[in-house]
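Reader: I want to learn how to read charge pairs in a model. Where do we start?

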Amino acid sequence: MKLSGRRILLVEDDVSLARMLERLLLMEDAHVSHVADGQSALGALGTGARFDLLIVDLLLPDMSGWDVLDGLAALGSGQPRPVVIVLTASGDPEEPRRALLRGVRYLPKPFTAAALMDLAIDQPDASEVDDA
């Protein structure tokens, strides 16, 4: 399985979507940690735990997903930066451009499981990823 052993932090406040994504990722033998808000995401990232993939909803209840990514950059852990997929239902035409400029992958809601898996599986080796 392509995600086997990958450590994934899922930041999504929609409980039903989060459960579906978690099941999908677990079926691929990934290790999934789920949090429902930005503060919890920053807490998980600040523990020193290493994540290979970060899936972040841009519209969280306490802060934007962009704020979470700013917090990740500020941590500067010295570890390889995880691959990031941002999810959004905002429909803002600037979001894809913003994701491109930040070097993250963009996935608008609604999306298919196949679309998510394509972005999640197509990951560079840790040696190819710059530090945050």
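Author: Start with the rule. A salt bridge is a side-chain nitrogen of Lys or Arg within 4 Å of a carboxyl oxygen of Asp or Glu. This model is predicted. Here Arg102 and Asp70 form such a bridge, at 3.0 Å from N to O. The pair links distant parts of the chain: Arg102 sits in helix α4 (residues 95-102), Asp70 in helix α3, 32 residues apart.

Reader: How many salt bridges does the rule give?

Author: Side chains of opposite charge can pair when their charged atoms come close. The count here is 6 salt bridges. Among them, Glu12 meets Lys109 at 3.0 Å, N to O. Glu12 lies in the loop between β1 and α1, Lys109 in the loop between β5 and α5, so the pair ties together parts 97 residues apart in sequence. Glu12 is buried, at 0% relative accessibility. Lys109 is partly exposed, at 22%.

Reader: Which residues do shared partners join into one network?

Author: First, one more pair: Glu94 bridges to Arg97, with the closest N and O atoms 3.5 Å apart. As for the network, salt bridges that share partners join Arg7, Arg50 and Asp52.

Reader: Which residues form the negative surface patch?

Author: Asp13, Asp14, Asp62 and Asp67 form that patch. Asp67 lies in helix α3 (residues 65-75). At 38% relative accessibility, Asp67 counts as partly exposed.

Methods: Residues numbered from 1 in each chain as written. Predicted model: local features only at pLDDT ≥ 70, side-chain atom pairs only at ≥ 80, totals over all residues. Heavy atoms only, no water. Patch = residues over 30% accessible without salt bridge, like charges linked within 9 Å, V, L, I, M, F, W, Y side chains within 5 Å. Areas by Shrake-Rupley, 256 points an atom, 1.4 Å probe, with all protein chains shown as cover. Lys, Arg positive; Asp, Glu negative; His and termini not counted. Charge placed at Lys NZ, Arg CZ, Asp CG, Glu CD. Helix = DSSP H or I, 4+ residues; strand = E, 2+ residues; numbered from the N terminus. Buried < 20%, exposed > 50% of the residue type's maximum accessible area, 1.4 Å probe, protein only.
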